[in-house]
Amino acid sequence: MQHGGQGGGVRGPGMGNCGNFHGGFSSGIRGRGKAEGKEWMPVTKLGRLVKDMKIKSLEEIYLFSLPIKESEIIDFCLGASLKNEVFKIMPVQKQTCTSQCTRFKAFVAIRDYNGHIGLGVKCSKEVATAICRAIILAKLSIVPVCRGYWGNKIGKPHIVPCKVTGHCNSVLVHLILMPRGTGIVSAPVPKKPLMMAGIDDCYTSARGCTATLGNFAKASFDAISKIYRYLTPDHWKETRTQAPAVATT
Amino acid sequence: MAAAGAGPVELGFAESAPAWRLRSEQFPSKVGGRPAWLGAAGLPGPPALACTLCRRPLSFLLQVYAPLPGRADAFHRGIFLFCCREPPCCAGLRVFRNQLPRKNDFYSYEPPSESPPPETGESVCLQLKSGAHLCRVCGCLGPKTCSRCHKAYYCSKEHQTLDWRLGHKQTCAQPDHFDHIIPDHNFLFPEFEIVIETEEEIMPEVVEKEDYSEITGSMGEALEEELDSMAKHESREDTIFQKFKTQIALEPEQILRYGRGIAPIWISGENIPQEKDIPDCPCGAKRILEFQVMPQLLNYLKADRLGKSIDWGILAVFTCAESCSLGVLAHPAKLSLVFIPVNLRR
């Protein structure tokens with residue numbers, strides 16, 4: 001009869017040795033399907049709370065500025081309404097001693113038509129991998145968009161509630177509010193994130209080297225994310241809420 | 001074998017199992033429930049099992065049956081992990097190691113039988129072979145007894161009050177009828193068996209390494225790299241976390257990674273222990289990584305609350321490389337050291 005632990009063991013060192021005492025310890029008892037329909041197994045406390053439905057919406061997470069580390073959290077909360085769009089795939093090259101190494105950089109924006117938008121940039125040797133990973137990064141960087149009115153508060157909010165400017169390196173993007181019906185007046189590059197955010201009417205003014213698409217897109221995205229940081233009069237009222245005790249930095 | 005090069009990593013998965021498989025005689029590796037003690041003598045007493053921060057009794061988290069091949073004195077070897085689950089503490093951790101030779105006073109020389117025992121009888125055994133009694137609530141050594149009936153054993157006052165409220169109050173007064181049905185005190189974690197599989201080797205292409213150090217070429221290239229990392233909003237933390245996710249992507253349900261001397265995978269850049277941070281065993285040998293507990297285990301424990309609750313990133317357990325006899329049970333000074341190297345930043 002074989003016993004684990006004698007003469008080097010039939011299996012290597014480690015927990016597996018007890019298998020001999022039990023006989024088919026790891027064979028067949030598990031019967032687990034591998035790599036098929038894997039359910040999301042959260043790794044962070046926030047992920048577990050979201051999966052157990054203790055945190056029901058993204059807004060609760062935003063309220064306390066908790067960092068979102070797992071893109072599956074966004075999938076869980078926003079799920080089917082998410083749509084992504086690839087801005088551009090640009091090949092970038094690096095000089096090595098033998099030749100040039102080409103990689104592809106993907107800019108992907110992700111949005112649901114309900115006031116959330118995210119931007120992801122990723123570089124990879126293959127286009128498909130770059131797009132996949134950029135989508136994950138876009139999900140992680142989703143921010144809410146606050147919309148407001150220009151004049152009378154009739155109908156749905158349609159514009160940025162106040163003038164905002166965002167910048168990325170040299171590029172500066174200035175968003176100015178306009179009455180209903182103006183449409184988005186801008187260059188094609190920031191037009192996309194603005195449309196995705198649900199902003200219908202806007203003037204834009206840009207400065208800097210707007211030819212660099214990466215910076216231009218990031219600057220407009222930065223402008224949109226700054227909206228919620230602006231303290232407008234409707235936020236003046238004090239509210240008291242209890243933050244979920246997910247460890248703070 | 002202890003000092004040999006690291007072998008393949010073995011992954012542990014939590015599966016539910018019938019209760020008879022999780023008793024001491026079967027030498028289980030398990031999560032939650034009561035500890036299935038290996039040796040019946042020299043168990044850690046209540047002072048050793050009190051949380052260092054809040055002084056309350058620790059809950060049994062998991063145990064790993066990890067014999068060392070080629071070592072006669074470590075034919076049976078178990079490592080037990082305890083943690084504090086009471087809010088607001090949720091922090092204290094303790095590890096104990098116990099090893100027995102093949103010929104010992106408690107178990108037979110032959111391996112245990114595969115089939116379930118015919119008698120159902122008591123669902124929980126509260127007395128060890130050596131005669132020591134175990135606490136009704138937590139399954140650890142219970143030197144104290146109920147002052148009225150002297151039949152119920154406890155490890156501490158907290159557990160005695162807990163059991164009193166949950167049913168002992170009624171049965172204490174009846175001396176001849178002692179109920180063997182132990183109520184759920186909400187102190188123990190849900191019980192699972194840890195099933196082991198060897199990890200498949202990951203192809204090198206799958207794990208893409210970002211080589212930031214390799215910057216050749218002109219100034220324009222360096223700027224590109226900088227813009228790249230800025231554009232991606234990635235800090236070092238994010239890269240480490242993404243790398244962690246890629247490494248567990250093949251088997252996302254793993255709760256344990258076992259391998260003496262393997263390189264651990266970290267979840268965060270904070271608190272990674274260096275060589276000098278790990279103290280040596282009192283016998284003089286270095287301590288090497290034995291296994292690491294993954295955060296996925298917390299999904300099974302069902303202990304999450306919106307308020308403070310038990311949480312960790314990675315628990316890395318380092319044990320004596322020689323597996324010396326000094327570091328056996330009930331010597332709190334000679335514990336294998338446990339690190340909570342990362343608590344995820346939120």
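## Helix packing in chain A

In this predicted model, helix H4 of chain A, which spans residues 71-78, and helix H5 of chain A, covering residues 127-140, have axes that come within 8 Å and cross at roughly 70°. Because crossing angles of 65 to 115 degrees count as roughly perpendicular, H4(A) is described as roughly perpendicular to H5(A). On the H4(A) side the contact is made by A:Ser71, A:Ile74 and A:Asp75, while H5(A) contributes A:Ile136, A:Lys139 and A:Leu140. Sorted by class, the residues in the contact of H4(A) with H5(A) are 3 nonpolar, 1 polar and 2 charged.

## A buried arginine in chain B

B:Arg260 is found in the loop of chain B that runs between strand E9 (256-258) and strand E10 (287-293). With a relative accessible area of 11%, B:Arg260 is classed as buried, because that class takes in residues under 20%. The side chain of B:Arg260 is joined to the side chain of B:Glu290 by a polar contact of 2.8 Å.

## Confidence

For the model as a whole, the scores are ipTM 0.70 and pTM 0.73. Chain B has a mean pLDDT of 72, with 75% of its residues reaching 70 or more.

Over residues 1-5 of chain B, pLDDT stays under 50, and the model has 4 contacts beyond four places in sequence for them. Over residues 204-222 of chain B, pLDDT likewise stays under 50, and here the model has 22 such contacts beyond four places in sequence. Where pLDDT is low, the predicted coordinates should not be read in detail.

Definitions and conventions. Residues numbered from 1 in each chain as written. Chains lettered and ligands numbered in written order. Predicted model: local features only at pLDDT ≥ 70, side-chain atom pairs only at ≥ 80, totals over all residues. Heavy atoms only, no water. Helix = DSSP H or I, 4+ residues; strand = E, 2+ residues; numbered from the N terminus. Buried < 20%, exposed > 50% of the residue type's maximum accessible area, 1.4 Å probe, protein only. Polar contact = N/O pair within 3.5 Å; in protein donor to acceptor, adjacent residues only side chain to side chain. pLDDT = per-residue confidence, 0-100. Contact = heavy atoms within 4.5 Å. Axes fitted to C-alpha atoms, helices over the stretch in contact; angles between N-to-C directions. Parallel < 35°, antiparallel > 145°, perpendicular 65-115°, else oblique. Nonpolar A, V, L, I, M, F, W, Y, C, P; charged D, E, K, R; others polar.
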